[in-house]
Every structure is written in structure tokens, then in C-alpha cells.
Amino acid sequence: MKFLYVTDTHIRGTTPKNRLDVYVDTLKEKLEEVIELANKEEVDVLLHGGDVFDRPDLSPNVVGQFAKIFMKANMPIYVVAGNHDTFGHNPETISRTMLGLMDSFGVMTVIDPSNPILIEKNGQRVQISGQPYHYDLDQRDPKLDYYPTNETNADVLIHIVHSMLVEKALPKGVPHTIIDHIWGTTADIILTGHFHGGFGIKERNGKFICNPGALARVNNHWSEISRMPKVIIGSIIDRNISLREITIKRAQKGDDVLDRSFLEKAVHQEEKLHSFVQQVKETSQFQTLNMSDIILEIASLKSVEEKVKQEALRRMTVIEEVWKDGEYE
């Protein structure tokens, strides 16, 4: 049984301001290569780690263009929903999204967490399960998200999770799970996305945890400039697992498609935002947890640059709207 794994395609109709190329055209070329590779390798399934789209309500015109590319695959496509695929990061909204539409038309199948897929070939049973992005991911017991149940009496378990699974601890306040903490997983292969930089293929005692990195490069972080998009080809023969990474040949070098000038600007903005947070901590002692009252109190601060203040308020307002009606910005 063979599979190809790709993640974080972030399909969108516009070009991010930090890109020097036409994002849609570049992504189409990369995705065309992925489908051609899957067909050439004669894989049995194509697996997608989530964030198929950059937003859940993308233009039908753009979705249609990329659906035609996915439909060139000679095998079924299975996917888990990422945080960008749903409204309010809520997987229960999938039916109202473009990913849900792709599922309805049979272009790809969204994996139901409670109903894993069973692939049988040459007397071998392979279960494919998935965990979509949700608010509690990487904040609750990891066994709930990274330890699938063998519900199909399968020989090999593949589990796809759209999560912040990383090699080293991230700053306090950023939900994440460290790879070394989940080697006891019941899965034989864990495929993850969300963390765009990826970490390749990790193996311990016959178990594999993998993230080839995002196919798309939507930001201009230094790591994205040096990174080349990859996919993973896997084969399972008599329960023996073999995985390899393949670099996408049509992907251009980061220096050719990512604008460094925006990187410098982004660093400056992050410094100002950090300074703003420190000022808030030092000069304010909030007596309420009501978001409106907190916004008003922050707005009254005199020592914060107006542009920084407005950006912080805008972000908090977006979060408030998400809490209010569950919609995604």
C-alpha cells in the first residue's frame, strides 16, 4: 500500500503582499506536480494534512480552478480540516465551508474523527484516521488527539492531525505538543501539518512522526526563505513502513518569490507589539474580564503609539466577534 502526503496548501485567490510572484499561478504549478507525482508513483491514496484553503469562504471561481487539479488524481484524496478551513476554527462548521463543498462533490473526503477509513490491499489492512484542528488541540490530554483507536482491526494505523506538533518547546502561551512526549502513541505513523516549517521524518522503535512542511509559503519568515516545499511518499509492505521526502521541483527558491523588505518591516512591527504588551502589563491592572471594558481601558493609555494601539484593538475585536457568533475572520 502506497500513499502520498501533502499539507497546508493554503489555496487563495490573491497574492500575499510579501510575495514577488503571482501566488495563484505558483501554487497551481506546485499542486500540479504533486498530483502528477502521486499518479506516477501509483499511490493508493493521497493524504492532506489540512489548511487546504486559506479561508473557509473562498471564491467559488478560485475553488473551481483548484478542484480541477485535484480531480486529476487517479486515487482518492483524504483530508483533515485545518484552522483555516473552518469558521471560527470550529470543525463543526465544515458543511458551510468550501472544503465541505469539495467533500460533497467527491473531489476529496474529509475524514470524520469518529469514522476512520480502512484500506485493504494484498491482505494488508491500513486504517487512516484524522483529528481536525479545534480549540483544545495541544491544550488537553494528548491521548485524545494523538492516540487513535484501532476500530477496524487494522495491521497499520496512520493518523493525521492538524496541530502544533514541534521538536522543541515554544514560548509560553503558544499551545503546542512536543514530539518526544507522544512516542507512546498507538499510531504507527502520525502525519501532521499546521507548523509550516516542518521537521521532516522522525522515527523511533518502528513508529514515525512526520511533517514535510507546508506546500505554500504565505509568510516571509527567514525559515521560509531557505525552505523548499516537500511531500512524503510512504509504502507499507508486510507491515514494514518506508517513508521518504521529495522536494517539489517546480517550487522556486525563497529568495526569488519572497520579498525581504517586508521581513524587516514585520520584525519591526513585532518589536512594537511586544513593547505594547509590556506597557499594558506595567501600567494597567484590569479589574474585569469583559472584553469591551478591557478594550476601553487599553484605549485610554497615553504612552502607546496610536498605530500599534489600533492594531491591537483590531485584533481583539476580531477575537470578540469570533466568541460572539462563531464566525471566522
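In which kind of crossing, left-handed or right-handed, does helix 1 pass helix 2?

What we have here is a predicted model, where local features need pLDDT of at least 70, side-chain atom pairs count only at pLDDT 80 or more, and totals for chains, interfaces and linings use all residues. Residues are numbered from 1 along each chain as its sequence is written, and side-chain values use heavy atoms, with hydrogens and water left out.

First, the overview. The protein chain has nine helices and 14 strands; these are DSSP runs numbered from the N terminus, with helices being H or I of at least four residues and strands being E of at least two. Of the 329 residues, 52% are buried, and buried means under 20% relative accessible area, exposed means over 50%, and partly exposed is in between, using a 1.4 Å probe and protein chains only.

Now back to our helices. Helix 1 covers residues 23-40 and helix 2 covers residues 60-70; they pack at an angle of about 20°, with their axes 9 Å apart. That makes helix 1 roughly parallel to helix 2, a label for angles under 35 degrees. The axes are lines fitted to C-alpha atoms over the stretch in contact, and angles run from 0 to 180 degrees between N-to-C directions. And the crossing is right-handed, which is to say that the near helix is turned clockwise from the far one by less than a right angle.

Who meets whom? On the helix 1 side we find Val24, Leu27, Lys28, Leu31, Glu32 and Ile35, and on the helix 2 side Gln65, Phe66, Ile69 and Phe70. Contact here means heavy atoms within 4.5 Å.

Next, please look at histidine 194, in the loop between strand 10 (189-192) and strand 11 (200-204). Histidine 194 is buried, at 17% relative accessible area. Its side chain makes a polar contact of 3.2 Å with that of histidine 162, where a polar contact is a pair of N or O atoms within 3.5 Å, one able to donate a hydrogen and the other to accept it. Leaving out residues up to four places away in sequence, histidine 194 also touches Asp8, Asn83, Tyr133, Ser163 and Met164.

Most residues other than glycine have a negative phi. Aspartate 51, though, has a positive phi near 55°, and aspartate 238 has one of about 50°. Are they buried or exposed? Aspartate 51 is buried, at 1% relative accessibility, whereas aspartate 238 is exposed, at 64%.

Methods: Parallel < 35°, antiparallel > 145°, perpendicular 65-115°, else oblique.
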